Amino acid sequence: MATFNFLIAVGSLALVLGNQSDLKHCIFSSLHIVIQSIVNSIVRNEQKELNIAPVHHLDRAFKTATFGMGCFWGAESLYGGTRGVLRTTVGYAGGTKDQPTYRNLGDHTEVLEIDYDPTVISYQQLLHIFWNNHEYGLTTVIKRQYMSLILYHDDEQKQIAELSKAKEGKRRTPEVITTEIAPKRNFYPAEDYHQKYRLQGHRDLSETLNLNSKLLRTSYVATKLNGYLVGVGGVEQFKTEVDTMGLTPSQKEYCYHYIEKNEGQGLYC
């Protein structure tokens, strides 16, 4: 715990030194490497002594929803910190181009794929979050990359989405909702650097979660922390879920610090 608090202090120091001389930057970089090694060692020892491992998979029945609502970094954090959401993956969908990439997207849209526990949160509740948390584009026509999009997985989702859009449209009159509703025919996961973008900003914590390319897309604990660390859900909700994540005491203390710091802050790019 003390080591993670020290790391937080050093992280703050980085902001001070960031605009200083190259020599100071070099000194800080070297210091950070040493601290990272110490932190990793302490967490590894905790994991071994307490028989704790990051929880990457929960064996629960789930359904999947797919939404486009602007920049997918913010959307992934928003849903990741929502109770009942088990996994999130950002990617590209809705278009015709084969194997799109961020730099060669074609006619696809940035979307978020959400695996959720329907006994905890419903599709209607996911849609409520969708309608009320667009970065832009809900009532404004913008380029297809960031458009508002619902890709339904079955007839039930289609019906719910269409009814929900009609209701939301009446509520927002005279504005006109631009959201498209279409069947989900494809989904291409985005590059690794886009997955769990906010969590990856916490390099030392991410290192101790043993994340690889696959787990960046599928990990339960990575999904939850990607939301909680930017303040989604808040401290009290985090307390109800933290013991499902397989975190050590030091990892928990680190997370509490940033959740308290960021609760109520903005999400989007």
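1. N51 sits in the loop that runs between helix 2 (22–49) and strand 1 (63–69). Helices here are DSSP runs of H or I with at least four residues, strands are E runs of at least two, and both are numbered from the N terminus. The phi of N51 is positive, about 55 degrees, although N51 is not a glycine. N51 counts as exposed because its relative accessibility is 71%. The classes are: buried, under 20% relative accessible area; exposed, over 50%; partly exposed, in between (1.4 Å probe, protein chains only).

2. A word on the source. This is a predicted model, in which local features need pLDDT of at least 70, side-chain atom pairs count only at pLDDT 80 or more, and totals for chains, interfaces and linings use all residues. Residues are numbered from 1 along each chain as its sequence is written, and side-chain values use heavy atoms, with hydrogens and water left out.

3. N210 also deserves a look. Its phi is positive, about 60 degrees, although N210 is not a glycine. N210 lies in the loop between helix 7 (203–208) and helix 8 (213–218). With a relative accessible area of 39%, N210 is partly exposed. As background, most residues other than glycine have a negative phi, and most peptide bonds are trans.

4. The peptide bond between T173 and P174 is cis, with omega about 15 degrees. P174 falls in the loop between helix 5 (155–172) and strand 5 (180–183).

5. Q47 belongs to helix 2. Is Q47 buried or exposed? Q47 counts as buried, because its relative accessibility is 11%. Its side chain reaches the backbone oxygen of T208 at 3.2 Å. Neighbours within four places in sequence aside, Q47 is in contact (heavy atoms within 4.5 Å) with I52, P54, T208, T248 and Q251.

6. Six strands form an open, mixed sheet in the order 5-4-1-3-2-6. Strand 5 and strand 6 (188–189) are the edges, each pairing on one side only. Two strands pair if DSSP finds at least two bridges between them.

7. Strand 2 (residues 85–93) runs antiparallel to strand 3 (residues 109–116), and eight bridges join them. T89 has E113 of strand 3 as its bridge partner. G91 stands opposite V111 in strand 3. G91 also stands opposite P189 in strand 6. Strand 2 and strand 6 are antiparallel and joined by two bridges. Nine of the nine residues of strand 2 are buried.

8. Which strands does helix 4 (residues 123–131) touch? Helix 4 touches strand 1, strand 2, strand 3 and strand 4 (148–152), and its direction makes about 15 degrees with that of strand 1. Helix 5 touches strand 1, strand 3, strand 4 and strand 5, and its direction makes about 150 degrees with that of strand 4. Axes are lines fitted to C-alpha atoms, for helices over the stretch in contact; angles run from 0 to 180 degrees between N-to-C directions.

9. The second largest pocket has a volume of about 240 Å³. Its lining includes Q124, H128, W131, S164, K167 and R171. Helix 4 and helix 5 each supply at least two lining residues. The largest share, five residues, comes from helix 5. A pocket is an open set of points on a 1 Å grid over the protein atoms alone, where a 1.4 Å probe fits, with protein on both sides within 12 Å along at least five of seven lines; lining residues have an atom within 4 Å of a point. Grid points are joined across faces, edges and corners, and the volume is the space filled by probe spheres set on the points.

Note on methods:
Polar contact = N/O pair within 3.5 Å; in protein donor to acceptor, adjacent residues only side chain to side chain.
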